Amino acid sequence: MSDAALLDVRDLVVRYGDTTAVDHVSFTLAPGETLALNGPSGCGKSSTALAVLQLRRPDSGEVRFEGRELTTLTESELRPVRPRMQPVFQDPYGSLSPRHRIRDAVAEPLRIQGQRPTRTQIAELLDRVGLDPSYGDRRPHELSGGQCQRVGIARALASEPRLLVLDEPVSSLDPSVRAGVLNLLADLQDDLGLGYLFICHDRAVVRHFAHRVIEMRDGRISSG
Amino acid sequence: MKLTAHRSAALTRIVSLVAVVATVGLLPWLSHRDPALTVLRARSAEREPTEEALSAIRADLGLDAGPLALLRGWAADLLHGDLGTSWVSGTDVLPSVVAGLQVSLGLMGAALGIAVALAAVLVAPVLVRGRGSAGAFAAMLAAVPEFLLATVALLVCGVWLGWLPTAGWAGPEYLVLPALALGVPAGGLLGRLVADALPAVLDERWVELWRGAGVRRTAISAAALKRVLPPLVPQFGMVAVGLTGGAVAVEMVFAVPGIGRTALGAAKSQDLPLLQGSVLALLLLGLLTGGVAVAVRHRLLGPALRDAGLTLPPPRPVRAHPAIPLTLAAVLALTIGWGLLRDPYTLNTAARLAAPSWAHPLGTDALGRDVLARLGHGAASTVGTAAAICALSLLLALALGFLPGVAAGAADIANALPPVIVGILVAAATGPGTGGAALAVALISWPALSAHAAALVQEVRASAFLTAQRAMGATPFWILTRHVLPSVAAPVARHALLRLPGIALALASLGFLGLGAQPPTPEWGLLLDESRAYVERAPWAALAPAVALALLAGLAVSGAAAAQGRRRTPKETTVALR
Amino acid sequence: MPSADPLLTVRNLRIAFDGIETIRGLSFDVRPREVLAIVGESGAGKSLTARALLGMVPRGATRSGTIEPDLAAQRGRRISLVPQDALSALSPVHRVGDQLAAAVRSVARVPRREARRRAVAALDRVGIPDAERRARAYPHEYSGGMRQRAVIAMATINEPDIVVADEPTTALDEEHRDQVLRVLAERSEAVGAALVLVTHDMEVVRAHADRVLVMYAGRLTELGPADEVLTRPRAPYTAGLLASLPEHAPRARRLPFLPGTPPAPGTLPPGCAFAPRCPLAAGPCHETEPEPQQVEERTLACHHWPELPHPATELFHE
């Protein structure tokens, strides 16, 4: 299993001052698999997500992504790896710059890599998440929460990642809208073989959506 | 992260304070003009200023020993309670400072009373009606500079109506006008702080719980007041500090022998020991008020102090129709434009103090110069200097916005220093002039912008979309140039623009006190000061710059309000509907 | 569940902001001692409806229709509110006991000491340990769960007939959520109050409500006994909402879902507000708004209800 793992996390520890937010957490994630981290607020699931993405460098432990150890890489060595593991955040509005048009937000990952994405490329990305390409001209505040979340997913897909770290991606959405976004994520996984690390506090959603569930409590894995 | 920012803010505060005190101590060395000459003239008018006599005086004053020795000697004397001897009168400085301080404390006490009463009047309707805001009116009052109000009060109550004495310090009736001039802007500011904060507090969740549980409106109003005051106490301290600056102008206009007038006189006559003593006294007064504010806050809050929820919700913006600032700006621009086409320097002794006519639409001044022309040209220099200060502050703010600790600490110190005091210090060091006044105003206007920039930088850095940028593999340079700077630069630039009228007013107040532009330069503050002597014969000469300054104050307030009112996104309104 | 005379009757309630109606003709009753849940998605107008019951409609809103009797003047004694986000619902600068005592003294003329005694007793009843000492503490000295309980204690201290709770559990974990709702239901029952529970959480409805009012775009969609509405919904919107919940779906990869998003006030389509998202919409649905009508124990607003499968959930499972 460990050879084929997309993500292999061992003995991950994250501390904030005196408190240990993540306490020796280990798990693996295969391509095409959804692994859920579930638990009450403050249990360390979001800290785990940030540490996996190396957005908060862990205090100790290993994070092996596509066979490569990330914790020992410098920030500039990490930069080429980052596009292959992308986050989607809880707050659909906050994760998009309010000043930029949707088109530019979706194109940014490609621009960062020095590419010049065409209009058709962006239209395809928007279409892929079920948005009409005409939305490209709008700004985030002109969209509903569910639509913004789709834009966030389109942006994450732009750099052709292998792993999506989904941090409470549907928690701020209404139920009827939430179902559509969950279906979209499931379709994308089937089509692209993406691995999902799915952070969610809602047991019913987790039970429905994830292949495997890890329960966390006080920074530790309590079952799973 | 937060802790280090806290610590560096504290460090900046201490460093700034030491720097200010050291500047005071080094004044004799900093002022490039030779004080020995001043002292010689003052002590013995008949003696020739020979090199020998001058160096004897220099040695006597300790000026030849170099800056460090001078500072050391001054500090040592200070610790013994010795403030030195006046260069002009030759008497001890300490008694004059104490006497001035007593008068000023009396004046400030009365002014504070008026301020609190006025603030209560402004806040009452907000409490009674539960919302709405007296903020706009209060902001208007707060924006009127003391020197302007003092001049108008002198003109109306003292000269035209003859109700109250306008000069001196001989009884309680002498207190009324100065205390009003000093207290009304402070009361406007106090009232505005509370009235702006109250509606947001009345929107807090607990008010819903209390209302829903049947608590009476009066009890809720009292509770809201208790909720709103403690976080504002430090700002109240700043209002009290502001009184020390205002006192200088007010004491000058009404010839009140207080510490502010003493300091101003000492600065003008280059009597540096007296100036050092009085400025130190003013600083001490400011520090004491700050300390009292902290103590009051502790007393008010008690054990609730540690709650993070004690920060106030952001005040609901006072909204003004954009037509108001646009109209004010248009009237000012028209007047200034018309005046610029005319000649401000030609003397015409035949038409001195002429009433308004077609030839001189706003009349003439004591030398027969056209008031409209002087107003127009004065605006060009005042506003031009203010614009330069704004631009400079903006650049500094953007650079220092990335050092939040420094920005916050500097902002604290700048808030505790009224522009007039800084103006006096700078004028004493460089001599009065446009450059010195500009330096003084610039010194205290950049920190507010830096603090704003620092807050925005922190907000942007903490936002999820920036985390997303890092996750995409964006370089720090990309993030800085594509996201952080654009998000920060535009709002801070708007803020700088909004401060322009306020900065122009500060420049005018220094000009009014004789610390800025010098005659015959047409400068608004100076125009007002020059016309004061003839106010009974030619009120229009004083009225024109007074009205222009009032319009400027109105522009400062309504411009800010209109800009704030506009910044409401559709998203916020739908949330409010729920 | 006694269906005696209602405590409160709401008829044709309409609330508008700047001429845009947010509540568009709503009628329902609150019965003695029942738990009535009001559910709907964001923008449906459920919180505003709850406020209207207390006479606490925001300033700037225009209201028409009747709410009988008008209890606004008797808040605390007859009706009280547990606001949204109870974690920030206590004043940070007042002792918790003093806040409860203020509520007592505003309703009953009792001496200060008696009010304090009642405050301590109320805190004790919601399970706050060492209530005598805790009454002198400030909210920040309380844990989240204790603050929530204190809020419930304050809302029930004057033994009202109706307690209105507006999303009392939004910010809470599942464990805390159940605990708080249990205390809320217990206290309401103990003082003999009806509980009006505004929520978007169907699990809460299932566990606690006697009747449920489903709202969409400011109108009634379906109203009836909670267990029946949840298991056998009749209105297409209720059915779609229930079908899209993961807890109702089999462990499959795709959930049935409603296309589009709930409409914002002022951007409503002509006819039935739900028509653009409804699989059955045809003919009259795009022209006239359906009026609520009594169907057995339910009240329904749908042009097509006679043709609907029962339960309507079948519409959404292909």
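Q: How many residues of chain B are in contact with chain C?
A: There are 26 residues of chain B in contact with 34 residues of chain C, where contact means that the C-beta atoms of two residues, placed from the backbone, lie within 7 Å. This is a predicted model, in which local features need pLDDT of at least 70 and side-chain atom pairs count only at pLDDT 80 or more, while totals for chains, interfaces and linings use all residues. Residues are numbered from 1 along each chain as its sequence is written, and chains are lettered from A and ligands numbered from 1 in the order in which they are written.

Q: Which helices supply that side of chain B?
A: Helix 9 (205-212), helix 10 (217-253) and helix 22 (570-577) of chain B each supply at least two residues to the side that touches chain C, and helix 9 of chain B gives the most, with six residues. Helices (H or I, at least four residues) and strands (E, at least two) are DSSP runs, numbered from the N terminus.

Q: And what is that side made of, by class?
A: The side of chain B that touches chain C has 12 nonpolar, four polar and 10 charged residues. Ala, Val, Leu, Ile, Met, Phe, Trp, Tyr, Cys and Pro count as nonpolar, Asp, Glu, Lys and Arg as charged, and the others, Gly among them, as polar.

Q: How many residues does the contact take from chain A and from chain B?
A: That contact takes 20 residues from chain A and 17 residues from chain B. On the chain A side, strand 6 (85-88) and helix 3 (102-112) are the elements that give two or more residues, with helix 3 of chain A giving the most, three residues. By class, this side of chain A has nine nonpolar, six polar and five charged residues.

Q: Staying with chain B, how many helices and strands does its secondary structure come to?
A: Chain B comes to 22 helices and zero strands. Of its 578 residues, 49% count as buried, which requires 20 or more other C-beta atoms within 10 Å of a residue's own, whereas 12 or fewer make it exposed and anything in between partly exposed, with C-beta atoms placed from the backbone.

Q: Where is the kink in helix 19 of chain B?
A: A kink of about 45° lies at B:Leu485 in helix 19 (residues 476-512) of chain B, shortly before the proline B:Pro486; the bend at a residue is the angle between axes fitted to the seven residues ending there and the seven starting there. After helix 19 of chain B comes B:Gly514, whose phi is positive, near 80°. The loop between helix 19 and helix 20 (524-532) of chain B holds B:Pro520, which is joined to B:Pro519 by a cis peptide bond with omega about 5°.

Q: Switching to chain A: is strand 8 buried or exposed?
A: Five of the five residues of strand 8 (residues 195-199) of chain A are buried, so the strand is largely enclosed by the rest of the structure. A:Gly195, A:Leu197 and A:Ile199 point one way from strand 8 and A:Tyr196 and A:Phe198 the other way.

Q: Which residue stands opposite A:Leu197 in the pairing?
A: That is A:Val165, and strand 7 (residues 163-167) and strand 8 of chain A pair in the parallel sense over five bridges, with two strands counted as paired if DSSP finds at least two bridges between them. From strand 7 the chain crosses through helix 6 (residues 175-192) to strand 8 of chain A in a right-handed β-α-β crossover; right-handed means that, with the strands pointing away from the viewer, the path from the first strand over the helix to the second runs clockwise. Strand 3 (residues 34-38) of chain A also runs parallel to strand 8 of chain A, joined by four bridges, and A:Thr34 has A:Tyr196 as its bridge partner.

Q: Where does A:Glu168 lie?
A: A:Glu168 lies in the loop between strand 7 and helix 6 of chain A. Its phi is near 50°, a positive value in a residue other than glycine, and A:Glu168 counts as buried, with 20 C-beta neighbours inside 10 Å.

Q: Last one: what order do the strands of the open sheet in chain A have?
A: The open sheet of four strands has the order 2-1-4-5 (chain A), with antiparallel pairing. Strand 2 (19-29) and strand 5 (68-69) of chain A stand at the edges, each with a single partner strand, so one side of each is left without a neighbour in the sheet. Strand 1 (residues 7-16) and strand 4 (residues 60-65) of chain A pair over five bridges, and A:Asp8 has A:Arg64 as its bridge partner in strand 4 of chain A.
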